[in-house]
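This briefing concerns selected geometric features of one protein model. Please consult the sequence and the 3D structure shown here alongside the points that follow.

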Amino acid sequence: MSDGPVAEPEEGPDGEYEVPTRWLPGTGAYAELDEDAYIEGALILSIGGAQQSHVDLRHPGRVFYEYLQRIANVIDLAAPPGAALRVLHLGAGALTLVRYVQATRPGSRQVAVDLEAELLDFVLDAMPLPEGTSCEIVAGDAADAVLEQPDAAFDVVVLDIFAGADAPAHLTGPDFAAHLLRVCADDGVVLVNVGDDPPLAFARAQSRQLSALASATAVLTEAAMVDGGQAGNVIVAARRTAWPADWTPALLAAGPHPAAVLTGPDLARFEEPPT
């Protein structure tokens, strides 16, 4: 899907920013877009009052949320700089990563899937994708969308849907994880964002599951989260081939800091069920 130029925030009759809102029937909550008080031209998507996504309209190559920065840093390594990629986004949000890929790798072919059709319409109405973006927008269940994809269809697969153990069961089991790897190219990478609370039992289980299926797995997170005493986001990266040796130092250097990139014995210790 190719959309028109990026929309700028609009002012109301009193000179203040008018907050776009939309009722999401599937979610049972309102979505709204607020101006970022500190970054000019950036908007924050909230659903039910909880912040979900951040988009810097003027600089889409910048990513604000730390966990998305970690995902973006892996995408940066997935091919030589500027080379186009095939990317599947499961959980679209405000299409922040779609915009990032287009800004850093023009010509990439992308697919973005979200269960809430009204959210997709709301985001695209308020913040159209940059001109030239090639992204198929799919309203539907992530599992159904993945089943329809051919083998090795994508260089990067991003799953950013659930937080904690209350996630939909059909998106957290080994069958779905196997399909994520199936649609990923041999030298590609699957990236799963897991939000969790101490002691990170769900995140550890998701990492163990992918490690059992993939040839190589790594965990990217904030260093203070490794011991399981802090809530936050864990990125599980899985590959059908070996983990490139130069990726770990590159990701540690890229941050956000303090960063942890767990592989080998460190990953095995992280994956142990909490006692």
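P258 is found in the loop between α7 and β12 (259–262), where helices (H or I, at least four residues) and strands (E, at least two) are DSSP runs numbered from the N terminus. The peptide bond from H257 to P258 is cis, with omega near -5 degrees. This is a predicted model in which local features need pLDDT of at least 70 and side-chain atom pairs count only at pLDDT 80 or more, while totals for chains, interfaces and linings use all residues. Residues are numbered from 1 along each chain as its sequence is written, and side-chain values use heavy atoms, with hydrogens and water left out.

**Backbone geometry**

- Most residues other than glycine have a negative phi, and most peptide bonds are trans.
- A cis peptide bond also leads from P198 to P199, with omega near 10 degrees; P199 lies in the loop between β9 (184–196) and α6.
- L200, in the loop between β9 and α6, has a positive phi of about 65 degrees although it is not a glycine.
- L200 is buried at a relative accessible area of 0% (buried means under 20% relative accessible area, exposed over 50%, partly exposed in between, with a 1.4 Å probe and protein chains only).
- A152 is a residue other than glycine with a positive phi, near 55 degrees; its place is the loop between α4 (142–147) and β8 (154–159), and it counts as partly exposed at 29% relative accessibility.

**Helix packing**

- Two packed helices are described by the angle between their axes and the distance between the axes.
- Helix α1 (residues 66–77) packs against helix α7 (residues 247–254) at an angle of about 140 degrees, with the axes 10 Å apart (axes are lines fitted to C-alpha atoms, for helices over the stretch in contact, and angles run from 0 to 180 degrees between N-to-C directions).
- That angle makes α1 oblique to α7 (under 35 degrees counts as roughly parallel, over 145 as roughly antiparallel, 65 to 115 as roughly perpendicular and the rest as oblique).
- N73, V74 and L77 in α1 meet W247, A250, L251 and A254 in α7, contact meaning heavy atoms within 4.5 Å.
- By class, this contact of α1 with α7 has six nonpolar, one polar and no charged residues (Ala, Val, Leu, Ile, Met, Phe, Trp, Tyr, Cys and Pro count as nonpolar, Asp, Glu, Lys and Arg as charged, and the others, Gly among them, as polar).
- Helix α5 (residues 174–182) and helix α6 (residues 201–213) cross at roughly 55 degrees, and their axes come within 10 Å; α5 is therefore oblique to α6.
- In α5, P174, A177, A178 and L181 meet Q209, L210 and L213 of α6; the residues of this contact divide into six nonpolar, one polar and no charged.

**Nonpolar cores**

- The largest nonpolar core has 38 residues, and those with the most contacts inside it are L88, L90, V157, F176 and L180 (a nonpolar core is a set of buried Ala, Val, Leu, Ile, Met, Phe, Trp, Tyr and Cys residues joined through side-chain atoms within 4.5 Å).
- A second, separate core of 28 residues includes I44, L85, I235 and W247.

**Individual residues**

- T96, in helix α2 (residues 96–104), is buried at a relative accessible area of 8%.
- P81, in the loop between α1 and β5 (86–90), is exposed at a relative accessible area of 81%.
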